[in-house]
Amino acid sequence: MTDSAVAMTMVFIAAVMVILASCERKPVMAHAQFVTFSATGWHATMPLKFNPVYDDSTARYDIALAVRHDNSYRYRNLSLVIDVIAADSTISRQHVDMVLADQYGNWTGGGFGALYQDKVDLLYGIAPDGARAVVVWQTMQGCDTLTGLVNVGLVTSPLSKNND
């Protein structure tokens with residue numbers, strides 16, 4: 001084989017490797033979206049709307065709600081109504097009562113300093129068309145405006161291949 005034939009063969013092999021590498025499936029990532037509250041708080045008539053981000057329309061996902069608060073939050077729990085809107089416009093409603101502190105007033109969430117985060121799982125193994133939007137309402141009895149909440153967010157995580 002001549003030097004030019006060897007060089008052409010090497011170029012061909014390199015081109016095939018590049019093409020095959022570009023066809024490789026890209027990893028599906030978790031996504032988080034957070035709403036930050038001002039000092040005036042979260043009013044009961046102010047819904048939070050999230051549009052979950054999906055990297056792969058054929059994958060399945062878990063969706064969770066995360067809440068961050070500081071020491072000025074006055075309650076042990078957080079009562080929520082969560083509407084999940086599917087691609088066909090059907091709505092499924094969940095009532096969620098997140099426990100943020102134990103019976104002694106100790107915060108249950110993780111964190112450091114004066115900021116704590118708790119998370120509640122909402123949906124397991126859902127296809128992207130099963131949750132096009134998620135709307136969250138605070139429904140604390142006797143409290144029109146909640147203060148002490150810093151952020152509320154939606155976390156969309158792909159199922160690992162081991163959990164399919």
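Analyst: **The cavity and its lining**

The largest cavity has a volume of about 30 Å³. A search of the whole structure turns up one cavity of 30 Å³ or more. A cavity here is a set of points, on a 1 Å grid over the protein atoms alone, where a 1.4 Å probe fits but cannot get out. Its volume is the space filled by probe spheres set on the points, which are joined across faces, edges and corners.

This is a predicted model, so local features need pLDDT of at least 70 and side-chain atom pairs count only at pLDDT 80 or more, while totals for chains, interfaces and linings use all residues. Numbering starts from 1 along each chain as its sequence is written, and side-chain values use heavy atoms, without hydrogens or water.

Which residues line the largest cavity? They are Arg74, Tyr75, Cys143, Thr145, Leu146 and Thr147; lining residues have an atom within 4 Å of a point. By class, three are nonpolar, two polar and one charged.

**From Tyr75 to the rings**

The lining residue Tyr75 also belongs to a ring cluster with Tyr73, Trp107 and Tyr116. Five aromatic pairs are found in the whole structure. In one of them, the ring centres of Tyr73 and Tyr75 are 5.7 Å apart and the planes stand at 70°, so the pair is edge-to-face. In another, Trp107 and Tyr116 have centres 5.9 Å apart and planes at 35°, so this pair is tilted. Pairing needs ring centres within 6.5 Å (the six-membered ring for Trp); planes under 30 degrees apart are stacked, over 60 edge-to-face, the rest tilted.

How well covered are these tyrosines? Tyr73 is buried, at 3% relative accessible area. Tyr116 is buried too, at 17%. Tyr75, at 23%, is partly exposed. The cut-offs are under 20% for buried and over 50% for exposed, with partly exposed in between (1.4 Å probe, protein chains only).

**His69 and the ring residues**

His69 sits in strand 4, residues 61-70. Its relative accessibility is 0%, so His69 counts as buried. A contact means heavy atoms within 4.5 Å.

**The rest of the chain**

Of the 164 residues, 34% count as buried. Among contacts between residues at least 6 apart in sequence, 76% join residues at least 24 apart.

Two loops deserve a look. Gly130 lies between strand 8 (115-126) and strand 9 (133-138). At 23% relative accessibility, Gly130 is partly exposed. Gly130 touches Val84, Ile85 and Ala86, not counting residues up to four places away. Its C-alpha atom is 9.8 Å from that of Arg60, 70 residues away along the chain.

Ser89 is in the loop between strand 5 (77-85) and strand 6 (91-99). Ser89 is exposed, at 56% relative accessible area. Its phi is positive, about 75°, although Ser89 is not a glycine.

How values were computed: On a 1 Å grid over the protein atoms alone, a cavity is a set of points where a 1.4 Å probe fits but cannot get out, and a pocket is an open set with protein on both sides within 12 Å along at least five of seven lines; lining residues have an atom within 4 Å of a point. Ala, Val, Leu, Ile, Met, Phe, Trp, Tyr, Cys and Pro count as nonpolar, Asp, Glu, Lys and Arg as charged, and the others, Gly among them, as polar. Helices (H or I, at least four residues) and strands (E, at least two) are DSSP runs, numbered from the N terminus.
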